Amino acid sequence: MDEKTFLDEIIADPGNHQPRLIYADWLEDHGDPRGAFIRLQIERESRPQDPTRNIQPGTREATLIEANIERWVAPLLRLGIVRTAIGFRWGFIDAIGVSCRMAVSHIAAIRDFCPLLRRLY
């Protein structure tokens with residue numbers, strides 16, 4: 001399988017973790033740290049919820065983000081979106097904070113790069 005096929009399967013059923021985990025395996029087999037990142041985010045959100053605890057990224061997850069975010073979101077950074085305005089869920093860009101002007105002028109590019117985007121705020 002190629003990367004596009006994996007992504008098409010994930011987009012077709014975004015709530016199903018199985019295609020994401022298979023893709024994570026494939027990424028890890030190809031030496032891409034994003035595979036571990038996908039797996040860590042799924043594992044963190046899959047843990048039973050403790051209402052007294054805030055679910056924050058673990059150290060490994062935060063380290064992966066810090067080391068790779070410039071590469072993972074490069075097209076968005078070139079549009080002028082700041083990295084702190086980009087949120088991930090289950091290993092993919094899930095939320096982006098932008099001005100209305102930027103959203104209007106770059107919506108097509110944002111959607112193309114972030115097919116699993118749920119929130120634009």
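**View 1. Charged side chains of the protein chain.** The protein chain carries 16 positive and 17 negative side chains, and the centres of these two sets lie 7 Å apart. Here Lys and Arg count as positive and Asp and Glu as negative, while His and the chain ends are not counted. Each charge is placed at NZ of Lys, CZ of Arg, CG of Asp or CD of Glu. A word on what you are looking at: this is a predicted model, in which local features need pLDDT of at least 70 and side-chain atom pairs count only at pLDDT 80 or more, while totals for chains, interfaces and linings use all residues. Residues are numbered from 1 along each chain as its sequence is written, and side-chain values use heavy atoms, with hydrogens and water left out.

**View 2. The whole fold.** Six helices and three strands make up the elements of the protein chain, and from the N terminus on they run α-α-α-α-α-β-β-α-β. These elements are DSSP runs, numbered from the N terminus: helices are H or I with at least four residues, strands E with at least two. The C-alpha trace spans about 40 × 40 × 25 Å along its principal axes. Of the 121 residues, 36% count as buried, meaning under 20% relative accessible area with a 1.4 Å probe, protein chains only.

**View 3. Strand 1, face by face.**

View 4. Strand 2 covers residues 92–96 and pairs with strand 1 in the antiparallel sense over four bridges; two strands pair if DSSP finds at least two bridges between them. Arginine 89 has phenylalanine 92 of strand 2 as its bridge partner, and isoleucine 86 stands opposite isoleucine 96 in strand 2. Two residues lie between the strands of this hairpin, where tryptophan 90 takes a positive phi near 55°.

Definitions and conventions
Buried < 20%, exposed > 50% of the residue type's maximum accessible area, 1.4 Å probe, protein only.
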